[in-house]
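Take a look at the fold below.

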Amino acid sequence: MAFSELSRPWRARGHSNPRGGLLLCHGFTGSPQSMRPWAEHHAALGWEVELPLLPGHARTEQDLARTSWQDWYECVREAALELSDALGPIAVGGLSMGGNLALALAEDEELAGAISAVVAVNPGMTLPRIAAAADLIAPVVRTLPGIGSDIAREDASEEAYERMPVRAVGQLSRLFRRTREGLGAVQAPLLLATSRVDHTVPPSDSDLVAARVRGPVERLSLTRSHHLATLDHDAPLLFETSARFLDAHVPVPEGSR
């Protein structure tokens, strides 16, 4: 599909008295377009927001097939370091694979003290068994049907690839396993938002996260949305809850007090 300006990287910087820093991470085969409403909502409240475009995304499926999970992780890690260097402890949030990446950042020993809160929306942690064989079948089966636009709202859609490169699915499996195994290192407060009906990530993945992290967890049930909750009926509830949660857990930068 064609990707619009909404799928480009986005940032809101330069507030005279910023409330804090927020890094948002989009999902697998998607783009910043799925996160823009969340980013713009928090920017209007004074947050300095970074919303990067992950390598291989919003270009071509072939570009995605040439990237690795390390490429995706380093992209958001560099953004987190830059934001925290400027503002002190920050918040990280994400949807689907982006929620996984946000939790991976909270596991990172070198980011200890830099992340004060995490917001994960339908974070992916597991994949069907076929994903474990992705590397073996990739030379034969190059792509699989896409997973975009799992949205209850009929007037909303996601800008995402129409097909998934199997090689990239193998990289996604590696990322999920790595983050899943490290969840015990997550001590930052976590807002965990889960759609009751999700055709992309099973709600049980959120239960797995809640059971394994060590920090305090606040659960938010999204009863009117499917996977892409940031574009769905529950988006206002999600954004308002996120803003309240971050206000409670992210310190105001020194220069803004």
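Buried means under 20% relative accessible area, exposed over 50% and partly exposed in between, with a 1.4 Å probe and protein chains only. Helices (H or I, at least four residues) and strands (E, at least two) are DSSP runs, numbered from the N terminus. This is a predicted model: local features need pLDDT of at least 70, side-chain atom pairs count only at pLDDT 80 or more, and totals for chains, interfaces and linings use all residues. Residues are numbered from 1 along each chain as its sequence is written, and side-chain values use heavy atoms, with hydrogens and water left out.

Start with helix H4. Of its 11 residues, 11 are buried, so H4 is largely enclosed by the rest of the structure. Gly98, Asn100 and Glu107 are among them.

Helix H3 (residues 69–87) packs against H4 (residues 97–107). The angle is about 60°, and the axes lie 10 Å apart. Axes are lines fitted to C-alpha atoms, for helices over the stretch in contact, and angles run from 0 to 180 degrees between N-to-C directions. H3 and H4 are therefore oblique to each other; angles under 35 degrees count as roughly parallel, over 145 as roughly antiparallel, 65 to 115 as roughly perpendicular and the rest as oblique.

Now the loops. Ser96 sits between strand E4 (90–95) and H4. Its phi is near 60°, a positive value in a residue other than glycine. Ser96 counts as buried because its relative accessibility is 11%.

Asn122 lies in the loop between strand E5 (115–121) and helix H5 (134–137). Asn122 is not a glycine, yet has a positive phi of about 45°. At 2% relative accessibility, Asn122 counts as buried.
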